[in-house]
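Me: I have a chain open and want to talk through its layout. Can you take my questions as they come?

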Amino acid sequence: MSLAEVEADLSEDERAGLELVRQSGGIHQSDFWKELGVSSRKGSRIVESLVEKELVDREDAVYDGHNTYYIAPTARDLDFRLLMAGDMLSPFIGEEEVDANSDAFSQWIMNLAYED
């Protein structure tokens, strides 16, 4: 089943939950259900369904001193084109110290400026 078919079969609550996760880039489950305006039980069921359909990933987390889960979009939802300028990957990927005066950064910016 394609991603579009899976998403077409989502309930209204599941669709709202998936959109929240995508827009936020990731959210703690303890905030997820509050943002959706549903009970924690219903929020958990929504997340479980989205995980089962492989639309989100769920990891154990500690948030505000409590055990919870961190809900994130699956990698296929991430738009890696935002890291690209032409065929060049951002020079900041994997760098701990960024040199904004580097030649690699300048070339990447030039590629961004001259993209169609």
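What follows is a short chat about the chain, a pair of helices, a pair of strands and a residue.

Me: What kind of model is it, and what are the thresholds?
Reply: It is a predicted model, in which local features need pLDDT of at least 70 and side-chain atom pairs count only at pLDDT 80 or more, while totals for chains, interfaces and linings use all residues. Residues are numbered from 1 along each chain as its sequence is written, and side-chain values use heavy atoms, with hydrogens and water left out.

Me: How many helices and strands does the protein chain have?
Reply: Five helices and five strands. Helices are DSSP runs of H or I with at least four residues, strands are runs of E with at least two, and both are numbered from the N terminus. The order from the N terminus is α-α-β-α-α-β-β-β-β-α.

Me: How much of the protein chain is buried?
Reply: 27% of its 116 residues. Buried means under 20% relative accessible area, exposed means over 50%, and partly exposed is in between (1.4 Å probe, protein chains only).

Me: Now helices. At what angle do α2 and α4 cross?
Reply: Roughly 80 degrees, with the axes of α2 (residues 12-24) and α4 (residues 40-52) coming within 10 Å. Axes are lines fitted to C-alpha atoms, for helices over the stretch in contact, and angles run from 0 to 180 degrees between N-to-C directions.

Me: Different topic. How are β2 and β3 joined?
Reply: By eight bridges, and the strands run antiparallel. Two strands pair if DSSP finds at least two bridges between them. β2 and β3 form a hairpin with two residues between them, and D64 in the turn has a positive phi of about 55 degrees.

Me: Where does R58 lie, and what stands opposite R58?
Reply: R58 lies in β2, which spans residues 56-63, and I71 in β3 stands opposite. The C-alpha atoms of R58 and I71 are separated by 4.7 Å, although the residues are 13 apart along the chain.

Me: Why does R58 count as partly exposed?
Reply: Because its relative accessibility is 32%.

Me: What else does R58 touch?
Reply: Leaving aside neighbours within four places in sequence, R58 is in contact with Q29, V47, E48, V51, Y69, Y70 and I71.

Conventions. Contact = heavy atoms within 4.5 Å.
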